[in-house]
Amino acid sequence: MMTDFLRPSRWFKRPGNAAPRPAGLPAKSPTAPESEADYKPLDWKVVRGILEWMRPYWRGYVITAITGLLVNLCEMVTPRYMQQLIDTDIPGKTPNLQTSLAARALGFIHPAWAMEISGLSRTHLGYLNIMTTIALWAFTMAIGLLLQRWGIVNTSLIGEKVLFNLRKRVFAHLQRLSMNYYDKTKFGRILTRGTSDIDSMFNTIVWGVNTLLSNVTMMLIAAVILIFMDWRIAVAVLWLGPVLYVLNIYYRRRVGAAWRRVREGYTQVSSNLAENISGMRVVAAFNRQHQNLDVFNSLQLVNTSNNVRAAVVNGIYQPLLGLIGFLGKVIILIFGAYLVFHTAADPSSRKFTIGELVAMFIYWDWFMGPVINFGNFYNDTMMAMACAERVQTLLAQEPQVQDSSTAITLPPVKGAVCFEHVTFGYQSDKTVLKDVNFQVEPGQMVALVGHTGCGKSTIISLICRFYVAQQGRVMIDGYDVRDISGESLHRQMGIVSQNNYLFTGTVMDNIRYARPQATDQEVYDATKKLDCYDMMMELKDGFQTDVGERGASVSLGQRQLICFARAFVANPRILLLDEATSAVDTHTELLIQQALERLTANRTTFVVAHRLSTIVHADLLLVLDHGQVVERGTHQSLISHNGRYASLYREFTRDA
Amino acid sequence: MAVTRRRQQPKAGGAEQGSTGERQEDPDESRQSLGSKPEEVTPTLVEGIPPEQMSNFRLLIRMFEFVGPVKYLAILACILVALATFVDISTVNLTRLVINNVSTVVGATVKLPVSTLTARKVTVPSRSKPAASSSSSGASFIQEIQTHFTHGPLRTTINLIGLLALFVAASTVVTFFRWFVNSKLSMDMVFSMRASMYDQLQRVGFSFHDRHSSGTLINRSLSDLHNIRQFVNMALVQITEIVLYIVGYNILLASISPTVGLVALLPIPFWFTYLRYFSKKAQPIQKQIMTSGDELTMVLSENVAGAQVVKAFATEKTEISKYDKTADRLFDRVLKNVGLFSNFVPIVRSIATASSLSLFLVGSFLCVSGSLKVGDLIVFGVAMGNILGRLQQLNQISNQYQTSIVSARRFYEVMLAQPSVMELPDAAPLPPGSGQVEFTGVSFTYSGAVKPVLENVSFRAAGGSVVALVGPTGAGKSTMMQLLARFYDPDQGVISMDGADIKTVSLSSLRKSICFVFQETFLFSDTVANNIRYGSPQATDGAVEAAARIAQAHDFIMELSNGYQTLLGERGTTLSGGQRQRLAIARALMADPKILVLDEALAAIDPETEHLIRRGLELVLTNRTVFVIAHRLSTVRAANLILVLEHGRLTQMGTHEQLMRQPGHYREVAVLQLSGDEPSFPVPPGGPTVPEVAL
């Protein structure tokens with residue numbers, strides 16, 4: 001079909017949200033796909049979910065469908081014009097007045113009168129007829145194209161709105177979800193939900209209704225026209241439709257399996273490459289270059305053979321599908337030619353013209369096209385199903401911790417923290433904290449001591465209400481943290497943790513992250529108090545220095561200090577320091593130590609630290625072992641008690 | 001118009017990476033955006049001209065160098081394309097002949113005057129009545145068919161249809177081979193491209209990897225390579241196809257009627273001008289969309305990665321509004337793009353329709369005047385559609401060319417970079433020895449940096465000794481060790497091992513004798529056991545376990561779901577920092593090196609476990625030289641030799657006792673830390689006198 005390459009769906013692509021590129025994330029190929037299901041069979045529940053997303057715009061979708069239908073109708077008239085042209089031309093110098101549009105128009109009721117009325121010769125009438133037909137054809141196409149233009153705008157607008165709403169909804173939902181979701185879900189996966197999963201639904205949500213409807217109507221109309229033009233020929237060819245359909249589905253399945261293999265093989269190639277590049281130092285240090293190249297090439301060989309195999313499947317089926325289409329044409333050609341001959345030999349028989357033959361040819365193409373297109377549509381839909389299901393699962397995920405309906409706003413607190421029989425595990429079968437009890441007075445500094453994995457950071461997370469205790473309760477100034485709103489709680493807390501997370505933006509932006517309304521002066525004052533004002537001013541653009549993706553353009557120590565300043569500007573009542581100083585050199589360490597004293601003054605502070613100097617100054621030491629508080633007291637009292645802490649202390653200070 | 005068989009053209013090479021066969025028809029834009037901007041690098045080059053100064057033409061020529069090894073396949077592919085084109089156009093032509101043939105019959109038979117026509121109108125049976133039944137007598141009907149079949153136009157028609165079937169069968173076979181050969185061609189090409197890229201990346205040395213982030217390099221080897229490959233393939237196979245089709249159809253048209261052939265050429269300049277104009281207009285918007293899309297992804301990714309911070313500071317609402325604002329900006333740009341396309345599609349289709357219709361108009365006039373036959377009309381539609389469609393593909397290729405040139409520049413930046421460390425042609429293996437190391441006047445500056453990292457460093461470490469390196473971050477400790485393994489070559493000075501200058505020995509023997517445990521532990525996505533035996537793949541399971549026991553890793557490995565066969569990495573179990581370090585230590589032990597370098601290797605391990613590991617190491621590491629870079633005094637003080645590095649200079653050297661007796665960085669830091677803690681620091685019963693000190 002001449003116009004096939006011009007169908008809008010072929011043209012209309014929008015550059016997608018580039019593949020999610022985890023900014024500065026550790027070794028992982030950005031292009032290596034995830035091992036998640038790509039396709040999913042039709043599932044009514046998922047479909048209902050998708051329809052739910054589309055529902056606010058149902059009027060638009062209806063209009064879109066009608067427009068598409070009209071465009072289709074306009075296009076489907078055109079083979080009739082072709083027929084008209086051919087039949088006008090065919091008998092050489094004797095235009096067939098019987099079917100001539102111009103003749104009919106001129107002759108009003110009977111074409112034979114046309115010549116008499118117009119006074120034109122037969123040839124001239126033929127020319128007139130050709131021009132009329134072409135003009136009508138052009139007019140029909142013009143209407144069709146105008147409608148199409150309007151359709152594109154309308155359809156895209158609605159579809160994109162749905163997609164963007166979905167994006168926003170996913171993001172907002174992610175903000176609601178608790179830390180436990182982030183713990184157990186890989187970064188890449190979460191990112192995929194908000195990016196490529198939604199992008200993959202583009203074809204279905206934006207063009208799906210249109211594609212489905214226009215293909216179905218195109219096929220139906222073509223079939224009906226074929227039957228009306230000559231039902232015998234129609235019967236002779238239409239049975240090929242179901243055959244083609246079955247073969248196409250079968251082919252999709254086989255080629256789908258082949259592509260899946262290709263993708264898997266490619267993933268292996270790309271992740272091997274990515275891993276090797278990221279681990280280049282280790283590769284060089286262990287002298288593995290030759291071996292690695294061999295491994296890589298063997299993966300490449302697999303990839304090659306997978307690709308060639310997929311190509312062979314395509315190479316077999318594609319011509320086969322074409323062959324069936326062609327078979328239909330041959331049938332039309334033979335049958336049609338016979339009928340034309342028959343008409344010519346026996347004028348009294350039912351008339352069949354070459355024009356009709358050609359028109360049937362084109363309609364047959366139009367009947368067949370959608371069958372093949374269905375394959376694509378089916379693929380897109382299956383893919384969208386898989387993505388939609390994942391997004392729906394995410395949206396259905398209830399946050400583990402959420403404000404109760406009766407949550408109250410926490411008034412400004414003094415900072416008393418109390419754990420009452422708190423038992424907690426990240427997974428319910430593995431308890432991390434067992435029956436933890438303690439009481440902290442406002443303004444106290446508490447140090448949590450114990451081996452890695454004994455539950456120190458978990459206590460911090462529970463105070464933050466990142467998680468809620470399975471048993472017992474966490475109280476702040478006498479309020480159970482479950483009864484207050486998360487926002488009001490977090491507004492009075494500051495946390496500095498070991499991962500020193502910074503957002504893209506300037507140093508200034510980051511320091512006032514928690515309190516955007518803080519003035520520049522307040523930020524300067526904060527950094528001066530933390531003795532790091534000069535250090536910030538020494539940066540390339542001072543406080544306006546861009547910290548880069550995840551703070552990559554500032555040093556580890558500077559990042560740490562920015563985090564301290566951020567917590568300081570937030571002016572929290574309760575300050576939580578989770579191994580905040582583990583990765584800095586001596587100079588920065590000293591700076592931080594001094595800053596800490598100012599930062600912790602008049603605030604309740606919890607510290608998880610490896611440094612003795614921090615621990616010994618604490619008002620209260622909680623010694624944890626396997627999730628239980630085994631000792632508590634000040635440094636002095638615990639040393640003289642000569643229990644667990646004293647032995648830990650000895651370990652800390654052991655001489656080699 | 002009617003006859004072309006629409007079939008998917010086998011797309012050379014687009015094969016892999018796409019999710020389905022159809023999808024790869026799109027030159028996946030996302031891939032383009034993955035490539036990051038070329039950074040400022042001045043790699044040393046094997047050839048005279050650095051890639052950033054190469055002319056586009058040179059790059060274009062260079063891109064085809066990978067065709068060399070597969071040139072016979074490439075030629076075969078082109079021959080197949082030519083064949084397919086010929087068969088395809090012939091099919092159209094044959095259909096035309098069939099129709100023409102039929103029309104001659106009709107044209108010859110219908111010589112009825114108008115009066116007969118009107119008269120017939122009355123006698124013609126209703127349309128739906130089957131032809132067979134309307135035939136007056138069965139016998140005459142059969143006779144009639146027989147005459148038609150044995151001679152006359154029906155015979156010719158049947159012959160032509162038979163020929164047509166033959167051509168279609170041929171095209172089926174050709175198509176099959178095209179898929180096969182194209183895929184093979186493309187895969188073989190990409191195979192050698194990837195292999196040489198991989199090899200080059202492994203050989204090019206650390207200084208290159210320092211300048212380029214791993215993300216950039218991964219993008220280069222995946223997406224840039226993909227772009228180049230796709231373009232070369234397109235340029236080879238598709239351009240041949242396009243040219244042949246355009247020329248072929250023009251010839252066919254001209255042979256039917258020169259007038260029509262000329263008319264068919266008319267829309268081409270308009271068509272092409274408009275396509276170019278549109279590409280130029282669309283590109284900036286597409287780029288904007290890409291940028292906005294990246295921004296949006298960035299906000300999302302930051303929020304996912306920093307979820308804890310967002311929650312801790314209760315900034316969820318701010319973040320949501322930030323995201324919404326970014327999304328709205330993207331939406332606006334997408335709408336702009338929609339507007340552009342909504343004009344583009346109708347305009348392009350109008351041009352195509354107008355050209356086809358004018359061909360029909362001219363053709364029909366010629367038909368009526370008798371110089372053409374109706375079958376010819378059918379060819380016009382098909383030909384016009386093909387010519388314009390192929391031209392549009394040409395435009396796509398020229399867009400692809402822009403992308404591929406950028407990609408090629410980056411690709412050759414990597415491929416032409418000279419390895420920073422080269423082996424001498426007559427390099428001998430490292431002589432046997434106890435692992436004695438000597439630095440003599442070693443200075444080193446990282447390429448691109450102004451300040452030297454090491455300045456005139458000289459020391460000598462006896463074989464089998466433990467050497468500790470201390471000093472502030474950035475003093476050059478790690479660099480020193482990397483020089484020892486020849487990851488870089490010093491600018492001045494000589495490093496020798498067991499008496500041999502390391503520049504004269506073979507790289508593999510040198511690196512086999514040194515093992516590193518880095519602070520940042522990199523493990524591969526493989527089983528625990530295979531990670532441990534990474535440096536010595538033939539090691540037995542028993543040996544692996546023994547190494548794991550020394551590194552205090554055995555116990556936690558046994559707690560993993562599949563013990564030593566547990567998969568690590570992206571799709572496997574995630575380990576804690578301390579666990580990873582212990583595996584890295586086991587891996588290093590497994591490689592059985594002469595020299596072991598522990599680069600802050602114990603930082604993430606708690607003191608108790610560290611103590612156990614050290615005791616284990618002491619047992620194994622007899623007769624090995626150990627270099628330790630550490631902050632903990634407890635680790636450092638047992639060393640036979642302590643080297644204090646400050647700003648790239650070796651300022652102090654000696655044992656702990658010696659260094660504590662002399663003024664300098666070592667004592668300063670120790671005392672500074674000690675005095676900070678001392679006042680409230682009672683000596684615990686039976687405890688040591690020196691607390692943990694960060695050095």
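# Notebook: chains A and B

**Domains of chain B.** Started with the domain assignment of chain B, which gives domain 1 as 43–107 + 137–415 and domain 2 as 434–513 + 595–600 + 623–679 + 689–695. I then looked up who takes part in the contact: 4 residues come from domain 1 of chain B and 6 residues from domain 2 of chain B.

**Confidence.** I wrote down ipTM 0.82 and pTM 0.76 for the model. For chain A the pLDDT averages 79, with 84% of the residues scoring at least 70. Residues 1–34 of chain A sit below 50, yet I find 108 contacts for this stretch in the model beyond near neighbours in sequence. Chain B has a mean pLDDT of 76, and 79% of its residues reach 70 or more.

Where in chain B is confidence lowest, and where highest? The lowest is helix 1 (residues 29–34) of chain B, at a mean of 33, and the highest is strand 1 (residues 437–444) of chain B, at 89. Over residues 1–47 of chain B the pLDDT is below 50, and that stretch has 125 contacts in the model beyond near neighbours in sequence. I checked residues 675–695 of chain B as well: pLDDT stays under 50 there, and the model has 47 contacts for them beyond four places in sequence. Where pLDDT is low, the predicted coordinates should not be read in detail, so I leave those contacts alone.

**Secondary structure and burial.** I get 25 helices and 10 strands for chain A, and 24 helices and 10 strands for chain B. Of the 656 residues in chain A, 52% are buried. For chain B, buried residues make up 47% of 695. Next I took contacts between residues at least 6 apart in sequence. In chain A, 79% of these join residues at least 24 apart; in chain B the figure is 80%.

**Helix 10 of chain A.** I picked out helix 10 (residues 202–229) of chain A, which has 28 residues. From first C-alpha to last it reaches 39 Å, close to the 40 Å expected at 1.5 Å a residue.

**Helix 11 of chain B.** I then went to helix 11 (residues 267–305) of chain B, with 39 residues. Its span from first C-alpha to last is 55 Å, close to the 57 Å expected at 1.5 Å a residue. Helix 11 of chain B has a kink of about 25° at Ala282(B), shortly before the proline Pro284(B).

**Leu59(B).** I find Leu59(B) in helix 2 (residues 56–63) of chain B. Why does Leu59(B) count as partly exposed? Leu59(B) has 19 C-beta neighbours inside 10 Å, so it counts as partly exposed; buried would take 20 or more. Leaving out residues up to four places away in sequence, I list Met54(B), Ile405(B), Ala408(B) and Arg409(B) as touching Leu59(B). I also looked up Val173(B), 114 residues from Leu59(B) along the chain: the C-alpha atoms of the two are separated by 37 Å.

Technical notes: Residues numbered from 1 in each chain as written. Chains lettered and ligands numbered in written order. Predicted model: local features only at pLDDT ≥ 70, side-chain atom pairs only at ≥ 80, totals over all residues. Domains from an automatic or database assignment. Contact = placed C-beta atoms within 7 Å. Helix = DSSP H or I, 4+ residues; strand = E, 2+ residues; numbered from the N terminus. Buried ≥ 20, exposed ≤ 12 C-beta atoms within 10 Å, placed from the backbone. Expected span 1.5 Å × (residues − 1). pLDDT = per-residue confidence, 0-100. Bend = angle between axes of the 7 residues up to and from the residue.
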